[in-house]
Amino acid sequence: MKKKIFAILMSISIVLSSIVISNAQTPAAPDITSEAGVLIDYQAKEILYNKNAFKKMYPASTTKVMTALLTLENCKNLDEIVNIDYDLSNVGGSSMYIKQGESFTVRQLLEFMLIRSVNDAAVALANHIGGSIDEFKDLMNNRAKELGCKTTHFNNPNGMPDENHYTSAYDLALIASEAMQHDEFRRIVKSKDVKLAPTEQTPVWRVYKNSNRFLWGTGGGNQINYRNQWINIKYDLIDGIKTGYTNAAGNCLISSGEKDGMRLVSVILKSQGSNVYLDSRTIIDFGFENYHFEQYISKDKVLGEKDIFFSKEKKLKYSLSRDIGFVVENGQTLDSLNLKYNIVLNEDIKPPLKSGDIVGYVEIYKADTLSSKENLISVSDLNSLSLLSMAKNIVLKLLKYLLILAASLISLCFMVRFVNINVLRKKRKKKNKNYKYYSKQN
């Protein structure tokens, strides 16, 4: 009887232990106090943590990430001068106190908008890039759709309160990930402060600290109770991105961090006070502690080549525009994702092409489901043939074909002559043989 009870208890123990092991394979999501939050990996945009990630929310000044993205995409020269010939004193909210008649570079306005989170600089950039706020709003909403945002409608460039100005945590993560592809954006959002020398209209230095305390917050009121220990808000893994606050939106924060080759992007919306930093760190550490990054396709790998007529190089070689990898749970590898890709080249590829020009895209599938599309680019320049070169090539090809044809004809003539000679020889032999036979008979 005791043996039976012992066997039953052992069986239960084994079952329970297997359940624990099974559950351990999927990391338990942490709790946060904010109303919405999301954590995605920078490359594949896979969601690693989700709390109301698709819920419609007010973004406050995190809106300025989209304003910065459109500025970087539409302004080739960041040293371009922006002349402020209109009044910006009524914009409201955080300001760098731009005076009518002042002039700034696009770069300076970007720095103040992203570091100090000023609203007047955002309006100045919107007018400069879009021509007007209404035109710029259209650019913002169109770009959001292109990035795959489903719950976003922008009504201004700075995030000032507006019931028709909203987004979601996941949409903001998509926008921020796109912005982080720009080196200048990365440089600005990790800067601890911004400075501007006196101007004629403002004869004092304008010096402001970054509103993001992840970059500098130590001691005093810059601490959070994290995992039952008081620590500084400053976190060396974080290299940006953007804060936001209004009464309706609460405290908002987009963050980015990189460790062991893996970059993660988090978004926290409608938080209270310093909880915005506590919740951000909680989900970012959750990502770094439970996942790792593995490269799938390197941008240095030539994925294929295509014959291109009327080009000097004759062949187009193409590769990905950036390295592609995926975040996987610790203890697993890329094999568990069942990845494959399909190459789609543009139909109208023709020279001239510059190295880096887009020539198609790659569809990346995860378990037969489309995961993402990545641009294919030309590995090197592809130059057009001049009319003289084209004529020369045509003539050389014709000569080549003519030589081949002449050689073939000569070979054919020799073969025919050889056959004829053999036939004649055989006829002569037969004739001689018959002559000898008849001679003997006579």
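1. A residue is called exposed when its relative accessible area is over 50%, and buried when that area is under 20%. Asp368 has 55% and is therefore exposed. The model is a predicted one. Asp368 sits in the loop between E17 and strand E18 (369-378), and its phi is positive, near 65 degrees, though the residue is not glycine.

2. Asn52 is another non-glycine residue with a positive phi, about 55 degrees. Its place is the loop between strand E2 (47-51) and helix H2 (64-74). With a relative accessibility of 37%, Asn52 counts as partly exposed. Most residues other than glycine have a negative phi, and most peptide bonds are trans.

3. The peptide bond from Pro351 to Pro352 is cis, with omega near 5 degrees. Pro352 belongs to the loop between strand E16 (339-345) and strand E17 (358-366).

4. Leu269, in strand E11 (residues 262-271), is buried at 0% relative accessible area. Beyond its neighbours within four places in sequence, its contacts include Ser34, Glu35, Ala36, Met57 and Cys252. Val38 is 231 residues away from Leu269 in sequence, but the C-alpha to C-alpha distance is 9.2 Å.

5. Leu269 also contacts Ala169 and Leu172, both of which are buried residues of H6. Helix H6 (residues 169-179) has 11 of its 11 residues buried, so it is largely enclosed by the rest of the structure.

6. A nonpolar surface patch is formed by Leu398, Leu399, Leu402, Leu405, Leu409, Leu412 and Val416, with about 640 Å² of accessible area together. Leu409 lies in helix H9 (residues 387-441) and is partly exposed at 46%.

Notes:
Residues are numbered from 1 along each chain as its sequence is written. This is a predicted model: local features need pLDDT of at least 70, side-chain atom pairs count only at pLDDT 80 or more; totals for chains, interfaces and linings use all residues. Side-chain values use heavy atoms; hydrogens and water are left out. Patches are made of residues with over 30% relative accessible area and no salt bridge: like charges are joined within 9 Å, nonpolar side chains (Val, Leu, Ile, Met, Phe, Trp, Tyr) within 5 Å. Accessible areas come from the Shrake-Rupley method with a 1.4 Å probe; for residues, only the protein chains shown count as cover. A salt bridge is a side-chain nitrogen of Lys or Arg within 4 Å of a carboxyl oxygen of Asp or Glu. Helices (H or I, at least four residues) and strands (E, at least two) are DSSP runs, numbered from the N terminus. Buried means under 20% relative accessible area, exposed over 50%, partly exposed in between (1.4 Å probe, protein chains only). Contact means heavy atoms within 4.5 Å.
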